[in-house]
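Student: Before we begin, could we go through the terms used for this model one at a time, setting each value against its cut-off?

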Amino acid sequence: MDVAPDDKETLGAMLATRGVGRRSLLKFAIAMASSLALPPGVAPLMAANLAKAKRRSVIWLSFQECTGCVETLLRSSSPTIDQLIFDFISLDYQEALMAAAGAAAEKTLHDAIAANKGEYLLAIDGSIPTKDGGVYSLTGGRSNLAMLKDVAADAKAILAIGTCAAFGGIPKAFPNPTGAVGVEDLVRDKPIVNIPGCPPVPEVLSGVLAYFISFGKLPDLDDRKRPLAYFGATIHDQCYRRAFYDQGKFAHAFDDEGARQGWCLFELGCKGPTTHNACASVKWNNGTSFPIQSGHGCIGCSQPDFWDAGGFYTSLAGGSATGWRNAGIAAAVGIAGGAAAALAARSKAKDVDSTPAPEDKP
Amino acid sequence: MTLLEFARGPAWQASVLILIAGVAWRLVAMILLRRRPQFAAPRHGLPQRIGGGARTILTRFMPRRAFWPRIAVSVVLSATFHIGLGVIIFGGAPHILVIRQFTGLSWPSLPKGVIVIVSGVTLASMIALLLRRLNHPVLRLLSTADDYLSWLLVFLPVLTGMLLSGETVGGYGNLLALHILSVELMVIWLPFGKLMHAGLVFAGRGLMGMNFSRKGAAT
């Protein structure tokens, strides 16, 4: 790759030192453009912009979370150009990965904010507890709530990574003892991209970063602030078992003939029809598989409040039972009302019977 | 709580409870109504009267030949949409699933394409029947708000179900929520209006047949 001497800080230069040529970068750009649903002609421009792009500071804050999102993104695949993109960003603060700790880590955060004011990307995984002043999750004695407000103030944009950061996730599930919320519930004045999933699909983050680095802006988002290219369609729409749904061929149990034949898992509680994500198209582990391909229905982990949205094994068609006690009370009310109505009708009829007809009058 | 969660949760439970209370109220009120005393000796015993009732339930499905020329269109349209509803309700995979969830009973479903075609035919026959009701002077005179409301509350679930099967507009989740809510509206109205004929038509015909049989009239 031809790199001008003054372009040593660019992605093109960095990739060249690792033996990644222009052709490979173009292939990556084509793949990214394709996954972002951009026209094919955009790929060369994207590749050129990527080659010219400079390191962008990213500050990553982990709040009330399980570190599953970070683990997934780090262990997504063997070293690929995606990971070089991650290498290319200047990840200035990430508690799980950085060597520094304590006061040194805090200083790193403050230095990164000061050096990149208004230009850094803020990545967040985990929900933010708000109850009792946010005391349920602290870093260095400061609440997540206070940290978010401070660090978000000078960010160029915020990436809410994982369902917890996007919508509150499992910490927000009933009874939500910590008052957990997602980033968008607290930050209103910054561009936010939600990349939900428990965990999120790593390639979505790569795609959003590649787009942001290439074009200096965020990709098109849906009404829940999710990248439209990855979250525009439901799992159901992209599912390879969709044909069986249309034919009315369903697995009734996880070990029946339908399951062995790979038929639709709708009856077994698959939430694919109501879940927006890229699992069925991008898949996991280098495109190896995704939950439905492994024989389990989608649990809808990238949707808001998925943990409280009915049982994972209750089909979308079904409703929740009223219970025999409530049904009995309803029946008793109905019987009492019906009996009262019948008695009233009888009483009225008796009055009519006892009223003498006009011709009977003396 | 999303619209779908509302439809599948509180709205579903409330509609089922209202249905139970309403059906109980309607049945008890009818059973306890004062009846005209029967002074004449019965022509037939109870077994024959039960047979007469059963026969009437069946024979009333087919109108008398003399009436055919005048009512053939409405009979065919009515039969089409009633059979269509039966096929949709008992042949659609998600419907069988709901039935299985609450009763444990299950049977093979029909392909979605068949259900969509049947839904289209059902909707068309319902629209034709509505037009006939609006254009026929006697039918229009006899029709009340109950007739039009009952028509609408049957039409909407079929329409939303058809849109849902094609996932045409609004996304699966929203269409599913609207479909379930439209069914719940129908379920709520069922015991209080003419939709109650879904069950009472058989009881009514049966009792009338038994009464005819008691008097020795043809059933």
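Student: Why is Gly207(A) called buried?

Tutor: Bear in mind that the model is predicted. A residue is buried if 20 or more other C-beta atoms lie within 10 Å of its own. Gly207(A) has 28 other C-beta atoms within 10 Å, so it is called buried.

Student: Where is Gly207(A) found, and which residues does it touch?

Tutor: Gly207(A) is found in helix α9 of chain A, residues 202–215. Leaving aside residues up to four places away in sequence, Gly207(A) touches Met32(A), Ser35(A), Leu36(A), Pro227(A) and Tyr230(A). As for spacing, Gly207(A) and Ala229(A) are 22 residues apart in sequence, and their C-alpha atoms are 9.5 Å apart in space.

Student: What makes β2 and β9 of chain A the edges of the sheet?

Tutor: The order of the five strands of this open sheet is β2-β1-β3-β7-β9 in chain A, with parallel pairing. Two strands pair if DSSP finds at least two bridges between them, and β2 (90–94) and β9 (192–195) of chain A each have a single partner strand, so one side of each is left without a neighbour in the sheet. From one strand to the next, the twist averages 20°.

Student: How do you know that β1 and β3 of chain A count as paired?

Tutor: The requirement is at least two bridges, and five bridges join β1 (residues 57–62) to β3 (residues 121–125) of chain A, the two strands running parallel. In this pairing Trp60(A) stands opposite Ala123(A) in β3(A).

Student: Which helices pack on the sheet, and at what angles?

Tutor: Helix α6 of chain A (residues 102–115) touches β1 and β2 of chain A, and its direction makes about 140° with that of β2(A). Helix α9(A) touches β7 (157–161) and β9 of chain A, and its direction makes about 160° with that of β9(A).

Student: What makes domain 1 and domain 2 of chain A count as touching, and what kinds of residue does domain 1 bring?

Tutor: Contact requires C-beta atoms within 7 Å, and 15 residues of domain 1 of chain A are in contact with 12 residues of domain 2 of chain A. The largest share of the domain 1 side, four residues, comes from α2(A). That side divides into 11 nonpolar residues, three polar and one charged.

Student: How many residues of chain A are in contact with chain B, and which helix gives the most?

Tutor: By that 7 Å criterion, 34 residues of chain A are in contact with 34 residues of chain B. On the side of chain A, α15(A) gives the most, with 15 residues.

Definitions and conventions:
Residues are numbered from 1 along each chain as its sequence is written. Chains are lettered from A and ligands numbered from 1 in the order in which they are written. This is a predicted model: local features need pLDDT of at least 70, side-chain atom pairs count only at pLDDT 80 or more; totals for chains, interfaces and linings use all residues. Two residues are in contact if their C-beta atoms, placed from the backbone, lie within 7 Å. Ala, Val, Leu, Ile, Met, Phe, Trp, Tyr, Cys and Pro count as nonpolar, Asp, Glu, Lys and Arg as charged, and the others, Gly among them, as polar. A residue is buried if 20 or more other C-beta atoms lie within 10 Å of its own, exposed if 12 or fewer, and partly exposed in between; C-beta atoms are placed from the backbone. Axes are lines fitted to C-alpha atoms, for helices over the stretch in contact, and angles run from 0 to 180 degrees between N-to-C directions.
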